[in-house]
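Q: I would like to learn how to read the features of this model one at a time. Where do we start?

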Amino acid sequence: MSLHKHTIRALVWAGVLACAGAHIDALADSMNDLLLPGKVIEGHAKYESDCSNCHKRFDKAAQAGLCKDCHKEISKDIAEKRGFHGRMKEQKQCRECHTEHKGRNARISQLDPRNFDHSITGFVLKGGHLKDKVQCKDCHLPSKKFRDAPTKCFGCHEKDDKHKGKFGTDCAACHEEKDWKTIHFDHSKSDFPLLGKHANVKCKSCHLDNRFKETPRDCYSCHKKDDEHKGNFGTKCATCHTERSWKEILFDHDTKTKFPLLGKHHDAKCTACHKGDLYKDKLQTDCYSCHKKDDKHKGGFGVKCEACHSERSWKEVKFDHSKTKFPLLGKHHDLKCSACHKGEMQKDKLVFKEKLKTDCLSCHEKDDLHKGQEGKKCENCHGSDSWKKAIFDHRFSRFPLTGKHLLVECKKCHSTVMFKDAKSDCWSCHQKQDIHKRAMGTACDNCHNTRSWKDWDFDHDKTRFKLTGKHKTLKCIECHNVPAGGYKLLVAASCVSCHDKDDKHNGAYGRQCDQCHIGSSWKVIKEGSDRWIKNGSKTKPAVRR
């Protein structure tokens, strides 16, 4: 019973307390309304009835934490130090910037657009974004939070995309903030680096209809209209041409073909030889196939042009005639081939009837002034440098040339072109120079030599009158004298023949002066000469005869 009473009492007090609590809560709500400094913004209105949602009694510092509990994205920015709130140099209490209780339509974000440092947000304003015509509202729409403004180009500029999304949404990969026309796309990082003239070509020239991924990379797809070969050289333009110029050819004919380009072939245009389909019409590599029209020999020398000519010039002949039986020497070296190798035309072809003879007269019969009388071997006398230059070796003739004869021109002795008729005796040539007037005969070489007329070779000791003493110093003319200034042979070799005027004995001792006197002096008398005088005179002196 007592327990029942206590239970009833407890229940009564509980009801009383419950009524009191409800009254207290109602009283607290009325107190909140009385203490509220002003209406909160529309976004916070649902939390306005309970101050504890944003305030903690007796702890002002806890308010920022309560803000972060609701504004989790802001809390995350601060924790990761990104965005505007995360990059603030000094972390402040939320209430310092965002003042509440200003009314339902109040703006609690106190930002000055003119002085706001946008770089704090992580989106630096550059180029065209800095222009006055771009305002905050252009990117930060009134119905959205500032932090929700797009940071990618396409978020704002989708309407400006002329490529219609075909290049993707990363506008910054190609364009700059300055303007849409300024391109910085690094094509070298793509599969098609821009080289040569490609570097200055506008994008739209290759990327037709704003297509990029489908743009062909082979030359022919873009340059088919530029192909002067009309497809005859295939479609792989890069095999021969460079991006710098169509005229610049990089095809290495020397290493990639069996026909190295030498001489004038190096400067010839490709189309000069390759006139058809490069792959179907195989080009012949022999000279005659291309140069038949240039053959001035009309096929007479065969079709192997390279045997004589070089690629530098038709006029430059490289045929080595020294390897034949007739080396080209002297003036022969400068002659044209056709000067010696002559043929006749037969059915538009030059024909040589017989092999060219190698003897001189076969070609030079008209030049033979000797009319064949000196034989056919012109080379015995003449050189290949000039007809006037004689190389005849007179040593092997019947008249070897010595002394001054070596300097005499052929025509001085050979007055006619008939050399065989030339005389070999001195008198025939030197008759007019014979000061002896033939008194000494015509064998001039008995006394004279070919060095000089004044140089004597005559040996008087081989005659009947050996020259001794002062006789050795005498001139020939002092003994061999004739009125005309010539010479004559002396028949008598006695002293008195020359010294009759010198005989002081007036012939008393006869004509043999050498019996007493010697050749060196009249004053010197031979030993025993007085005995000869006595025996010879007998009874009276000898009488001059």
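Q: Which residue forms a salt bridge with arginine 82, and how far apart are the closest N and O atoms?
A: Side chains of opposite charge can pair when their charged atoms come close. The cut-off used here is a side-chain nitrogen of Lys or Arg within 4 Å of a carboxyl oxygen of Asp or Glu. In this predicted model, arginine 82 pairs with glutamate 80, and their closest N and O atoms are 2.5 Å apart.

Q: What should I know about the model and its numbering before going on?
A: The model is predicted, so local features need pLDDT of at least 70 and side-chain atom pairs count only at pLDDT 80 or more, while totals for chains, interfaces and linings use all residues. Residues are numbered from 1 along each chain as its sequence is written, and side-chain values use heavy atoms, with hydrogens and water left out.

Q: Are arginine 82 and glutamate 80 buried, partly exposed or exposed?
A: Buried means under 20% relative accessible area, exposed means over 50%, and partly exposed lies in between (1.4 Å probe, protein chains only). Arginine 82 has a relative accessibility of 35% and is therefore partly exposed. Glutamate 80 is partly exposed too, at 43%.

Q: How many salt bridges does the rule give?
A: The count is 11 salt bridges. One of them joins aspartate 393 and arginine 395, at 2.6 Å from N to O. Aspartate 393 is partly exposed, with a relative accessible area of 26%, whereas arginine 395 counts as exposed at 60%. Another links the side chains of arginine 451 and aspartate 455, at 2.8 Å from N to O. Both of these are partly exposed: arginine 451 has 49% relative accessibility, and aspartate 455 has 27%.

Q: Where is alanine 149, and what does it contact?
A: Helices (H or I, at least four residues) and strands (E, at least two) are DSSP runs, numbered from the N terminus. Alanine 149 sits in the loop between helix H6 (136-139) and helix H7 (153-157). Its relative accessibility is 15%, so alanine 149 counts as buried. Contact means heavy atoms within 4.5 Å. Beyond its neighbours within four places in sequence, alanine 149 contacts Cys139 and His140. Its C-alpha atom is 10.0 Å from that of lysine 137, a residue 12 positions away along the chain.

Q: Where is glutamate 48, and what does it touch?
A: Glutamate 48 lies in the loop between helix H1 (2-35) and helix H2 (63-70). It counts as buried, at 14% relative accessibility. Leaving out residues up to four places away in sequence, glutamate 48 touches Leu36, Gly38, Lys39, Val40 and Arg104.

Q: In which sense do strands E3 and E4 pair?
A: Two strands pair if DSSP finds at least two bridges between them. Strand E3 (residues 517-518) and strand E4 (residues 521-525) pair in the antiparallel sense over two bridges. Isoleucine 518 has serine 521 of E4 as its bridge partner. Two residues lie between the strands, and E3 and E4 form a hairpin.

Q: What do the totals for the chain say?
A: The protein chain has 19 helices and four strands. Of its 545 residues, 14% are buried. Among contacts with a separation of 6 or more, 41% are between residues 24 or more positions apart.

Q: What is the average pLDDT of the protein chain, and where is pLDDT below 50?
A: pLDDT is the predictor's confidence in each residue, from 0 to 100. The protein chain averages 80, and 86% of the residues score at least 70.
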